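Here is a friendly walk through one model, taken a few places at a time. Have the sequence and the 3D view open as you read.

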Amino acid sequence: MTPVSQLQPGQFGKLASLDPERAVDQRLMALGLLPGMSLKLVRRAPLGDPVAIEFAGQVVSLRQAEADSLLVDVAADCPVQRPRPSP
Amino acid sequence: MSPVREPLVALVGNPNTGKSTLFNALTGLRQRVGNYPGVTVARKSGSCDLGSAGRAELVDLPGLYSLAAASPDEQVVVDALTGRIAGDRRPDAVLLVVDATNLLRNLFLASQVAELGLPMVVVLNQSDVAREQGLSIDVGLLSRRLGGVPVVPASAWKGEGVAEVRRAVAEALALRTPSVRVRWPEPVAEALADLAVALRSDLGATPSDSDVQRVLFDATGTVSARLGWTGPARDASLRTARDKVRRGGYNPYAAEPLAHYAHLRALLEGVVTDGVGGRAASAAVDRLLLHRILGPVLFTGIMLGLFAAVFWLAKFPMGWIQSGVDALRGTVAPLFAGTPMLQSLVSDGVIAGVGAFLAFLPQILILFLFVGVLEDSGYMARAAFIMDRLFSWCGLSGKSFVPLLSGFACAIPGLLSTRTIEDPKARLATAFAVPFMSCSARFPVYALMCSAFIGPAYGPGWESAVMVGMHCVGLLFAVPVAFVLTRVVLRVRPQPFVLELPRYQLPKPRDVLWRMWQNAAEFVSKAGTVIFAITVVVWALSYFPRDPAVAERVRTADPSLSGDALGRRVQAAYVEQSWMGRFGKAVQPVFDPCGFDWKITVGVLASFPAREVIVSTLGVTYSLGEGAEADSTQLRGAMQSARWQEGPRAGAPIFSLAAVLALMVFFALCSQCGATVATLAQETGGWRWAAASFVTMTLLAWLAAAGVYQLVIRLAPHA
């Protein structure tokens, strides 16, 4: 498992674990980032931090330190989920 | 207001869904802006025509993603929807605006709101964009799946579907169809039932389903405390309930989103059919605007452009306002020729005071216009994304950027825009830093000093450099102050920085202009009254006592004087013996280390309520009359030739390079704005932080000014 913060820009991963007691993770879950969902690290900010991640049809900014504890399974060509029910 | 109370409809939705555009379209700008009691969140409401069903009062609540409130803005939404706001009633229905291009995420809030049991209408806004993206939504099926709740596709931007929304609201108010509700997994449902029983027995009232859910899923304990449920009994009940959820295989803090999203996925099955990638255009723009090198370059360019626009565009209307005010004074003054006291009060106190305040309005309007465009287009979130790194080390976040930037025009809108920051401590630290930004009221002081002393002695290059430098002084001090405040005093936890980077959109001119107007009106009503009152008080302090013997002494001392010159000398003599003048002379030793004489001291003291007063006060004390302006050559000449009359510096120019720089640094840092202090007190919920800000800024200003004066006078004693 890899922390989201260590993904390369453009790389996808499938969310393996987060910490539901953290305020950041609660906000991300409310936005629909739940275990098993794929996400993409879109880019890093020009100064290296924060990072922008894409999931469920939206792009969200996240601090490097906050992205450290989100663990993903890196998948080679896992597409970002569209905002609709998964088949 | 009609005698029969109109139904109250709450407009709720995620940020960036076009909620305010829909609000403007539904109310046709028939709106009222007030404040929720206790917090400074604006309550925007308007009257909405429902056709044959009459009218409804529509209230536009702040945008939010979840009812698990983290910021004051979000808490207001929860309180408003549950009828817990003093003096406000519970809404009769909810108009829920969702972004049709991202139904799943947007319906999470709808699903939470459904738990409140209020009649609901779902507006699929931005349906036109969804269509362009190739998304097709089965509206009828979605409505049936939601249990018969009206679902209306619309594009508020284009004005499509607005009439249908009105009809749907009327229908929802009449039929009161409840929305379908989430099915909780067995252990969660049992825990909720247990908790409801415990709440009822401890509080003596039956809690609503929504309240029980909020209490169970809240990891911080603030929700139960707000309900008045505290103590060991609560802790035991909560522990038992959460253990039950855990034993059932769920994390109590993840159960809510998991249950809602599972419910919504099933609900949307077959409702939305495929579309092509909808964010392609925005992603392309981001590749440019967030590029590692081009991004910061464009960002700097945009911000400098905004700055230049605020300063230079505003010059023209400011000039018109100034000449209008001067003309008014010229017309009104003769009407009171028989009573000099009344004449001075009206002309120098009231009209000049209000005029000086109005002159800042163009800058504020232009700032709000540009900020509105940047916000509605989606660039503001990118600016926060780019800037976050620079703010995070001192405990702030990219969200502090907009308030600080606004502070460069005026601290008041800057303070008002700190409301979007969730963490109360980070919000406080940002509010504390905002008044350090070099607001436009400091500009006339820099302009006067630079054009009178720096420019003539060192050339236009240095003049501009000092102007720019002065604008940075506040920022240089604000960053360490924020650092000490967040790290040592408040001990702010690292703030979560979860910020949506929304799709880029073309701002709708009507919305931007309307918000600009509303913000300006709020500024005028809040700051205007304070400034007006203070102007009159300062006028009185510098007018009284008015012993006729003073004028007589001036006349006999120099019989060659006559006309205007005599009048100005008489006025200066009056100011010198006024309460303000006496106080200035008494206080002058305090400012002596900064190189200020008693006249500057009077100016400094008179400008504590509103710093822009310094220019006209110097005009009076240097006996040039009230109308002196920053570009007045007379004032510049009088100041250039001013000499110390007595003491160790006798004969030396008062406005030496050291004194000029010290005076500008003092103004850059000092808390000289009654309206800002009042707003700060209001935003931080008490006078404690406002007083702390006043003392900190004023002390820093004195220390820095004394430091600059003592340093420069030694390095360049004759400059």
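## Two positive phi angles in chain B

B:Asn16 sits in the loop that runs between strand E1 (8–13) and helix H1 (19–27) of chain B; helices (H or I, at least four residues) and strands (E, at least two) are DSSP runs, numbered from the N terminus. Its phi is near 65°, a positive value in a residue other than glycine. B:Asn16 counts as buried because 20 other C-beta atoms lie within 10 Å. As for the cut-offs, a residue is buried with 20 or more other C-beta atoms within 10 Å of its own, exposed with 12 or fewer, and partly exposed in between, the C-beta atoms being placed from the backbone.

B:Leu29 is found in the loop between H1 and strand E2 (31–35) of chain B. Here too phi is positive, at about 65°, although B:Leu29 is not a glycine. With 12 other C-beta atoms within 10 Å, B:Leu29 is exposed.

## About the model

This is a predicted model, in which local features need pLDDT of at least 70 and side-chain atom pairs count only at pLDDT 80 or more, while totals for chains, interfaces and linings use all residues. Residues are numbered from 1 along each chain as its sequence is written, and chains are lettered from A and ligands numbered from 1 in the order in which they are written.

## Chain B as a whole

Chain B has 31 helices and ten strands. Its C-alpha trace spans about 95 × 55 × 55 Å along the principal axes. Of the 719 residues in chain B, 50% are buried. Two residues are in contact if their C-beta atoms, placed from the backbone, lie within 7 Å. Among contacts in chain B between residues at least 6 apart in sequence, 72% join residues at least 24 apart.

Chain B is divided into domain 1 (8–175) and domain 2 (186–249), with bounds that come from an automatic or database domain assignment. The contact between them takes five residues from domain 1 of chain B and six residues from domain 2 of chain B. The C-alpha centres of these two domains lie 29 Å apart.

## The largest nonpolar core

A nonpolar core is a set of buried Ala, Val, Leu, Ile, Met, Phe, Trp, Tyr and Cys residues joined through C-beta atoms within 7 Å. The largest has 236 residues, of which B:Leu96, B:Val121, B:Val123 and B:Leu669 touch the most other members. Helix H29 (residues 657–669) of chain B gives the most to this core, with 13 residues. Beyond its neighbours within four places in sequence, B:Val123 is in contact with several residues, including B:Leu22, B:Leu95, B:Leu96 and B:Val165.

## Around B:Phe436

Which residues surround B:Phe436, leaving aside its neighbours within four places in sequence? The contacts are B:Gly474, B:Phe477, B:Ala478, B:Val481, B:Leu669 and B:Met697. B:Phe436 itself is in the loop between helix H19 (424–433) and helix H20 (443–458) of chain B. It counts as buried because 26 C-beta neighbours lie inside 10 Å. B:Val479 is 43 residues from B:Phe436 in sequence and 9.5 Å from it in space, C-alpha to C-alpha.

## Two cis peptide bonds

In chain A, a cis peptide bond joins A:Asp49 and A:Pro50, with omega about -5°. A:Pro50 is in the loop between strand E3 (38–44) and strand E4 (51–55) of chain A.

In chain B, the peptide bond from B:Phe544 to B:Pro545 is cis, and omega is near -10°. B:Pro545 falls in the loop between helix H22 (509–543) and helix H23 (548–557) of chain B.
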